[in-house]
Amino acid sequence: MKKSAFLGALTVAGIAASAAVAQDASTVDQIKERGKLNCGVTTGLVGFAAPDANGQWNGFDVGVCRAVAAAVLGDANAVEFVPTTGKTRFTALASGEIDMLARNTTWTFSRDVDLKFEFVGVNYYDGQGFMVPKELGATSAKELDGATVCIQTGTTTELNLADFFRANDMSYEPVPIETNAEAQQQYLAGACDVYTTDASGLAATRATFEDPSAHVLLPEIISKEPLGPLVRHGDNEWGDIVRWTLNALIAAEELGVTSANIGELGASAGANPEINRLLGTEGTLGEMLGLDAEWAKRAIMAGGNYGELFAKNIGEDTPIALARGLNAQWTEGGLLYAPPFR
Amino acid sequence: MYHMTSMTDPHRGQFRLSMLFNDTRYRSLTYQAIAAIVLALAIWYLGNNLLQNLRTAGLNISFGFLGDPAGYDISQRLVEYDSQSSHARAAIVGILNTLLVSFLACVTATIFGVIAGVLRLSNNWLVSKLMSVYVEIFRNIPVLIWIIIIFTIMTAVMPAPRAFRGDTPEATMLLDMFAFTNRGVYTPGPYFTAPFFANPFLNWVLVLAVLAGSLFATRRVAHWATGVQEQSGVRPTTWYFTLGLWVVPVGLLLLVMGLAWEIPELKGFNFKGGIKIGGALIALWFALSIYTGAFIAENVRAGIQAISKGQTEAAGALGLRPRRTMNLVVLPQALRVIIPPLISHYLNITKNSSLAIAVGYADVTATLGGITLNQTGRAIECVLLLMAFYLTISLLISVGMNFYNKSVKLKER
């Protein structure tokens with residue numbers, strides 16, 4: 001018995017030791033040496049991150065990973081996608097198993113401050129919603145008293161759900177589920193009446209159902225869920241690269257830089273100085289980041305600007321059919337607002 | 001004696017450093033001391049490394065989070081708990097759930113195991129082969145797979161509660177009392193209309209105390225009967241005494257306290273009232289039972305086969321029928337072979353119950369090692385607490401079972 005306690009301690013210490021080793025060299029150098037970016041994503045949420053029939057990862061969060069890989073390594077495919085669950089994601093990031101996490105993760109105070117992570121921005125403004133079968137006849141989340149609710153465990157939704165039912169003096173039975181796929185199965189089998197997660201996730205899940213029209217999303221959005229990529233504390237240069245790659249995608253949409261016209265705009269300095277600085281035809285922004293001048297150009301070319309990524313993966317023309325809503329540019333009444341490139 | 005010592009001990013009184021390695025009297029001690037020092041250094045190095053790395057990352061080891069509100073709900077709770085309770089309380093809820101499923105699974109696994117083990121030696125070809133199939137199938141597929149298979153089948157095959165609704169429902173309750181749904185089984189729940197204590201728990205303690213009293217009294221009766229038998233050779237008939245001692249006191253108590261049954265009823269989304277045995281608990285309990293039962297069956301078979309054939313033949317010669325031979329002659333002797341490996345199966349059940357997370361059962365790994373760990377980010381603290389819990393429970397089971405083993409093992413005089 002003494003031995004097993006010792007082995008346990010050894011494991012814990014081993015994990016801690018490996019984390020420290022990983023933090024010795026700078027993250028960018030490690031990625032360059034490895035030739036691959038290790039990017040943590042979901043275990044599969046269509047539209048955000050899911051492998052297709054050929055095993056190729058696709059999706060909105062995947063797009064961010066590919067943009068960063070393109071900026072740092074010059075190759076949008078030089079990404080090792082590491083599927084993580086709600087429970088394993090933070091350990092994976094903290095231990096150095098992944099370089100960044102792009103897994104519709106909600107930016108909260110305690111994750112940012114207490115867990116020692118750095119959220120580099122928001123790539124999707126979301127909120128928690130409820131999905132119920134249409135035949136249940138519920139039209140509002142306030143009618144869900146006594147319902148059995150499927151939740152993904154280890155997420156902020158678990159806490160919001162408890163708060164919402166308590167605030168409305170209702171009871172419920174939680175069914176904690178590890179992954180989206182399992183939750184879907186439970187929900188469809190009727191083992192729970194309600195499935196709750198971020199509204200975007202519900203829309204994406206519903207899109208994969210045999211008959212999506214038999215399920216409704218209730219109008220209540222019970223929380224703010226700003227989802228964004230994050231890195232661990234301790235390497236600010238790396239954090240800057242991820243932050244400004246995301247900003248570059250957002251700014252590119254605002255400035256009208258698309259994957260179609262970027263070749264032309266990036267070939268030589270044009271009339272708009274901010275586009276020039278973004279695409280590296282003017283100024284030394286890339287150098288300040290420790291990258292070359294064309295970093296942002298490659299990031300945008302990887303999958304298009306923010307708007308293109310959105311439209312291709314989760315936009316209104318896809319089965320997921322999410323409207324831009326809060327995720328429109330600030331110039332169009334949304335919340336997307338990239339700081340100036342100067 | 002003196003000669004022996006003088007032969008192996010020629011350098012009396014003279015100690016040289018090289019003797020630490022060359023002399024058999026000191027060598028093993030030397031190596032043990034070296035091993036202990038190396039081990040201590042390794043632990044010190046790893047522990048120090050851990051603390052240093054945590055400090056570098058700006059983290060510390062602190063158990064203060066246990067007092068903070070947990071913020072999440074748990075569906076199966078044996079003690080009072082809501083989302084405002086502390087993380088420590090959530091851990092206790094998880095611990096009780098772990099103990100509950102482990103206990104239930106140990107009991108049923110033993111029953112399955114004994115039945116299958118005995119039947120496997122049956123003279124009936126069909127029965128013994130069926131039991132071989134059971135043993136081979138269940139112990140050769142990982143228990144996690146069994147848990148998931150049983151849970152999936154349950155959710156897919158059983159009707160959802162809404163199937164019970166309407167004038168011509170797709171599903172109906174058994175005897176209007178039991179509802180089998182894909183969320184679990186709802187059974188009538190007992191309660192008292194005129195309880196002695198406001199806390200329902202205390203009333204049940206009282207019932208248990210009365211039952212314990214009955215047990216004691218029946219033991220006395222049996223003791224007395226044995227005494228009479230030894231004196232006169234005839235055992236007095238005691239079954240009506242025993243029956244009365246078991247039934248009358250507890251029956252009176254329940255009558256006075258006004259025992260009533262609450263029948264589950266479909267209200268809103270779910271059945272309300274009565275007792276709910278969650279689907280996750282059933283799947284986990286059943287999977288652990290049949291899986292471990294297959295191993296126990298093999299132990300039981302081994303134990304029985306370890307008893308010499310002559311014992312069975314002697315019992316037969318005395319005119320005992322096969323079933324009595326098994327119960328009175330073979331099994332009691334087989335126990336001393338069966339018990340020691342049984343301990344490790346009980347330990348395995350307890351540890352395997354941590355697979356609960358696969359079906360969303362809120363055991364201690366799911367609450368303390370799952371949601372609490374995730375919401376607070378206190379991985380090392382939570383894992384240490386989990387290790388301490390499982391270690392403690394396993395050691396307690398071990399101690400308890402070893403104690404029982406002492407009582408059944410062959411008494412050598």
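Q: How many residues does the contact take from chain B and from chain A?
A: The model is predicted: local features need pLDDT of at least 70, side-chain atom pairs count only at pLDDT 80 or more, and totals for chains, interfaces and linings use all residues. Residues are numbered from 1 along each chain as its sequence is written, while chains are lettered from A and ligands numbered from 1 in the order in which they are written. Two residues are in contact if their C-beta atoms, placed from the backbone, lie within 7 Å. The contact takes 40 residues from chain B and, from chain A, 42 residues.

Q: Which element gives the most to the side of chain B that touches chain A?
A: Four helices of chain B give two or more residues to this side: α3 (24-56), α6 (143-157), α12 (364-376) and α13 (379-408). Elements are DSSP runs numbered from the N terminus (helices are H or I, at least four residues; strands are E, at least two). With 8 residues, the top contributor is α3(B).

Q: Which strands are the edge strands of the 3-strand sheet in chain B?
A: The sheet is open, with antiparallel pairing and the order β1-β2-β7. Strands pair if DSSP finds at least two bridges between them. Two strands of this sheet pair on one side only: β1 (179-181) and β7 (275-278) of chain B.

Q: How many residues lie between β1(B) and β2(B) in their hairpin?
A: The two strands pair in the antiparallel sense over 3 bridges. Within this pairing, Thr181(B) stands opposite Gly184(B). The hairpin of β1(B) and β2(B) has between its strands 2 residues.

Q: At about what angle does α9 of chain B run to β7(B)?
A: Angles run from 0 to 180 degrees between N-to-C directions, and axes are lines fitted to C-alpha atoms, for helices over the stretch in contact. Helix α9 (residues 279-305) lies across both β2 and β7 of chain B. To β7(B), α9(B) runs at about 55 degrees.

Q: Are α9(B) and α11(B) roughly parallel or roughly antiparallel?
A: Their axes come within 8 Å and cross at roughly 155 degrees, where α11 of chain B covers residues 322-352. Angles under 35 degrees count as roughly parallel, over 145 as roughly antiparallel, 65 to 115 as roughly perpendicular and the rest as oblique. α9(B) and α11(B) are therefore roughly antiparallel.

Q: By class, which residues make up the contact of α9(B) with α11(B)?
A: α9(B) brings residues including Leu288(B), Phe295(B) and Ile296(B). From α11(B) come residues including Val330(B), Leu342(B) and His345(B). By class, the contact has 14 nonpolar, 6 polar and no charged residues.

Q: How far apart are the axes of α7 and α8 of chain B?
A: α7 (residues 200-232) and α8 (residues 239-257) of chain B pack at about 165 degrees. The pair is therefore roughly antiparallel. Their contact residues include Val207(B) and Leu211(B) of α7(B), and Trp246(B) and Leu253(B) of α8(B). The two axes are apart by 9 Å.

Q: What separates the centres of domain 1 and domain 2 of chain A?
A: Domain 1 is 27-125 + 226-332, and domain 2 is 128-223 (bounds from an automatic or database domain assignment). In their contact, 20 residues of domain 1 of chain A meet 16 residues of domain 2 of chain A. Taken over C-alpha atoms, the centres are separated by 29 Å.

Q: Which strands of chain A does helix α8 of chain A lie across?
A: The open sheet of 5 strands in chain A has the order β10-β9-β11-β8-β12 and mixed pairing. Its edge strands are β10 (172-177) and β12 (215-217). Helix α8 (residues 199-207) of chain A runs at about 125 degrees to β11(A). This helix lies across β8, β11 (194-198) and β12 of chain A.

Q: In β12(A), which residue is the bridge partner of Val132(A)?
A: β8 (residues 128-133) of chain A and β12(A) pair in the antiparallel sense over 3 bridges. In β12(A), the partner of Val132(A) is Val216(A).

Definitions and conventions: Ala, Val, Leu, Ile, Met, Phe, Trp, Tyr, Cys and Pro count as nonpolar, Asp, Glu, Lys and Arg as charged, and the others, Gly among them, as polar.
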